[in-house]
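Student: Can we go through this one together? I have a few questions.

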Amino acid sequence: MTLTIEALDGQGSFSAYVARPTREPRAAIVVIQEIFGVNPGIRQKCDKLAADGYLAVAPDLFWRLQPGIELDPDVPEQFQQALDWMGRFDQDAGIRDIEATIRAARAEIGGGKVGCVGYCLGGRLAYMTAARTDVDASVGYYAVGIDNLLGEKHAIAHPLLLHIAGADHFVSPEVQRKMHEGLDAHPKVTLVDYPGEDHGFATEMGKRRSPDSAVRADAVTRQFFADNLG
């Protein structure tokens, strides 16, 4: 099902895919898209979280550019389109839309805890969400450009888990080193490395998925949310 969420800046509203558990939600989790939009893989992430007992909400963060973008990373032309959309995407506005989604998700569960999990661009946005909102717990998979956001780390007040692909062709070894140097000592941040894995290894479907590491990373995420959200 979908939920309509009003933007905090009054510029309109956007839709979000919602997966509901069969029983009372233990908490809510905002699922933050890759550069490919709220596509079948992101919806499947939501469905899996709902099966674990969470209300899962995936907002259409590209709505200010064009609502309803869904792209397939295994199709080269669509991959290029996704890179073009990312170049035009206003990340600061995206965080405000995530904050609106957090508020909506919290209202849906009657004021309980809300976490977030993001992938690729969404991993970067999950870090920014941890630093800029009151989200209760955040997870980022193969987040890009975190070295440029280390100045915000002092604002991270709730637990943050980052999965790092060791052979990520979008996140160089130098950037990974800066992430560890900047965040290993942070009391709220946990970094987990996956040597030899490339960007997108935990996607639900398609050529990028690396099953063993995907299962391992998702198990770590599941335990992290159980510990920090309930």
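**Loops, helix packing and core**

Tutor: Start with Cys-120, which is buried because its relative accessibility is 6%, under the 20% cut-off. Keep in mind that this is a predicted model.

Student: Where does Cys-120 lie?

Tutor: Cys-120 sits in the loop that runs between strand S5 (114-119) and H4.

Student: And what is the phi of Cys-120?

Tutor: Its phi is near 65°, a positive value in a residue other than glycine. Most residues other than glycine have a negative phi.

Student: What about the phi of Tyr-142?

Tutor: Tyr-142 has a positive phi too, near 35°, and is a residue other than glycine. Tyr-142 belongs to the loop between strand S6 (137-141) and strand S7 (160-165).

Student: Is Tyr-142 buried or exposed?

Tutor: Buried, because the relative accessible area of Tyr-142 is 1%.

Student: Switching to helices. At what angle do the axes of H3 and H4 cross?

Tutor: At roughly 70°, with the axes coming within 10 Å. H4 covers residues 121-132, and H3 covers residues 91-108. The two helices are therefore roughly perpendicular to each other, since angles of 65 to 115 degrees count as such.

Student: Which hand is the crossing?

Tutor: Right-handed, as H3 passes H4. On the H3 side the contact is made by Gln-91, Asp-92, Ile-95, Ile-98 and Ile-102. H4 contributes Leu-121, Arg-124, Leu-125, Met-128, Thr-129 and Arg-132.

Student: How many of those contact residues are nonpolar, polar and charged?

Tutor: Six are nonpolar, two polar and three charged in the contact of H3 with H4.

Student: Staying on H3, is Asp-97 buried or exposed?

Tutor: Asp-97, a residue of H3, is buried, because its relative accessibility is 1%.

Student: What is Asp-97 in contact with?

Tutor: Beyond its neighbours within four places in sequence, Asp-97 contacts Ala-7, Phe-14, Leu-61, Trp-63 and Arg-64.

Student: Now the core. Which residues of the largest nonpolar core touch the most other members?

Tutor: Val-31, Val-117, Leu-125, Tyr-127 and Phe-225, in a core of 83 residues. H4 supplies the largest share of this core, seven residues.

Student: What does Val-31 touch?

Tutor: Leaving out residues up to four places away in sequence, Val-31 touches Ile-42, Lys-45, Cys-46, Leu-49, Ala-56, Val-57, Ala-58, Pro-59, Val-117 and Tyr-119. Val-117 is also one of the core residues that touch the most other members.

Definitions and conventions. Residues numbered from 1 in each chain as written. Predicted model: local features only at pLDDT ≥ 70, side-chain atom pairs only at ≥ 80, totals over all residues. Heavy atoms only, no water. Helix = DSSP H or I, 4+ residues; strand = E, 2+ residues; numbered from the N terminus. Buried < 20%, exposed > 50% of the residue type's maximum accessible area, 1.4 Å probe, protein only. Contact = heavy atoms within 4.5 Å. Axes fitted to C-alpha atoms, helices over the stretch in contact; angles between N-to-C directions. Parallel < 35°, antiparallel > 145°, perpendicular 65-115°, else oblique. Left-handed = near helix turned anticlockwise from the far one by under 90°. Nonpolar A, V, L, I, M, F, W, Y, C, P; charged D, E, K, R; others polar. Core = buried A, V, L, I, M, F, W, Y, C linked by side-chain atoms within 4.5 Å.
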